[in-house]
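Visitor: I'd like to go through this one label by label and hear what stands behind each of them. Can you show it to me?

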Amino acid sequence: MITYGPFTWAEGPHEDFDDRVNYVHIGSYPVGTDQHGIPIDSRGIQCLDHHCIVHPYAKVESKRILWIDGVVVKIPVLNSVQVWFDENYVTLSREVLLKYCLRWVLKNNTSSTSNRLAYEITRRGKDQIYKELWNE
């Protein structure tokens with residue numbers, strides 16, 4: 001089995017598809033990982049969709065919001081992120097989904113915004129930041 005983030009792939013048709021496998025890639029089975037740790041098939045093609053928030057270079061629907069002190073933050077739209085998991089029959093808790101969304105926010109904003117956000121996370125905690133960014 002090969003894992004990445006919340007996903008577990010079967011390594012081939014010989015492997016039983018039991019409760020441990022939770023993601024089926026429509027291409028070839030993964031045989032290893034690339035420089036980002038993402039599973040790849042025998043041709044070097046990544047086995048994780050770029051529209052999945054877990055992918056380090058995820059392309060997801062986002063919006064800009066006004067946060068504290070007039071800081072504008074680009075955040076992923078939670079419903080659109082959740083749809084990808086639903087369509088691929090992968091179940092994630094709300095907490096795990098928010099964790100991956102926050103990771104995306106830190107990577108996809110300006111360095112000053114990301115630094116301010118990282119500071120506020122250490123000062124006030126992730127749960128408070130989740131509430132402010134996604135009205136949780």
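Guide: Here is a walk through the labels, each set against its cut-off. Keep in mind that this is a predicted model.

Visitor: Fine. What is the order of the elements in the protein chain?

Guide: From the N terminus the chain runs β-β-β-β-β-β-α-α-α-α. That comes to four helices and six strands. Of the 136 residues, 43% are buried.

Visitor: What makes Trp84 count as buried?

Guide: The cut-off for buried is under 20% relative accessible area. Tryptophan 84 has 6%, so it counts as buried. Phenylalanine 85 has 0%, so that label holds there too.

Visitor: Which residues of α1 are buried, and how do you know which side they are on?

Guide: The buried ones are Leu78, Val81, Gln82, Trp84 and Phe85. They cover an arc of only 150 degrees around the axis, and therefore they lie on the same side of α1. The face turned away from that side carries the exposed residues Asn79 and Glu87.

Visitor: What does the buried side of α1 pack against?

Guide: Its buried residues pack against β2, β6, α2 and α4. After the helix comes tyrosine 89, with a positive phi near 60 degrees.

Visitor: Why is the pair of Trp84 and Phe85 called edge-to-face?

Guide: Two numbers decide it. The ring centres are 5.2 Å apart, and a pair needs centres within 6.5 Å.

Visitor: How far apart in helix α4 are Tyr130 and Trp134?

Guide: They are four residues apart, so about one helical turn separates them. Tyrosine 130, at 5% relative accessibility, counts as buried, and so does tryptophan 134, at 9%.

Visitor: What goes into the largest nonpolar core?

Guide: It has 37 residues, and those with the most contacts inside it are Phe7, Leu48, Ile53, Phe85, Leu133 and Trp134. Elements giving two or more residues include β1, β2 and β6, along with α1, α2, α3 and α4. The largest share, seven residues, comes from α2.

Visitor: What does Leu48 touch?

Guide: Leaving out residues up to four places away in sequence, leucine 48 touches Tyr4, Phe7, Trp9, Tyr23, Ile38, Val54, His55 and Trp84.

Visitor: What makes β5 and β6 a pair of strands?

Guide: Pairing needs at least two bridges, and β5 and β6 have five, so they pair; they run antiparallel. Leucine 66 stands opposite valine 72 in β6. The two strands form a hairpin with five residues between them, and aspartate 69 in the turn has a positive phi of about 55 degrees.

Visitor: One last thing: where does Pro56 sit, and what does it touch?

Guide: Proline 56 is in the loop between β4 and β5. Leaving out residues up to four places away in sequence, proline 56 touches Tyr4, His36, Ile38 and Lys107. Proline 56 and lysine 107 are 51 residues apart in sequence, with their C-alpha atoms 8.5 Å apart in space.

Technical notes:
Residues are numbered from 1 along each chain as its sequence is written. This is a predicted model: local features need pLDDT of at least 70, side-chain atom pairs count only at pLDDT 80 or more; totals for chains, interfaces and linings use all residues. Side-chain values use heavy atoms; hydrogens and water are left out. A nonpolar core is a set of buried Ala, Val, Leu, Ile, Met, Phe, Trp, Tyr and Cys residues joined through side-chain atoms within 4.5 Å. Buried means under 20% relative accessible area, exposed over 50%, partly exposed in between (1.4 Å probe, protein chains only). Contact means heavy atoms within 4.5 Å. The arc is that of the directions from the helix axis to the C-beta atoms. Rings of Phe, Tyr and Trp (its six-membered ring) pair if their centres lie within 6.5 Å; planes under 30 degrees apart count as stacked, over 60 as edge-to-face and the rest as tilted.
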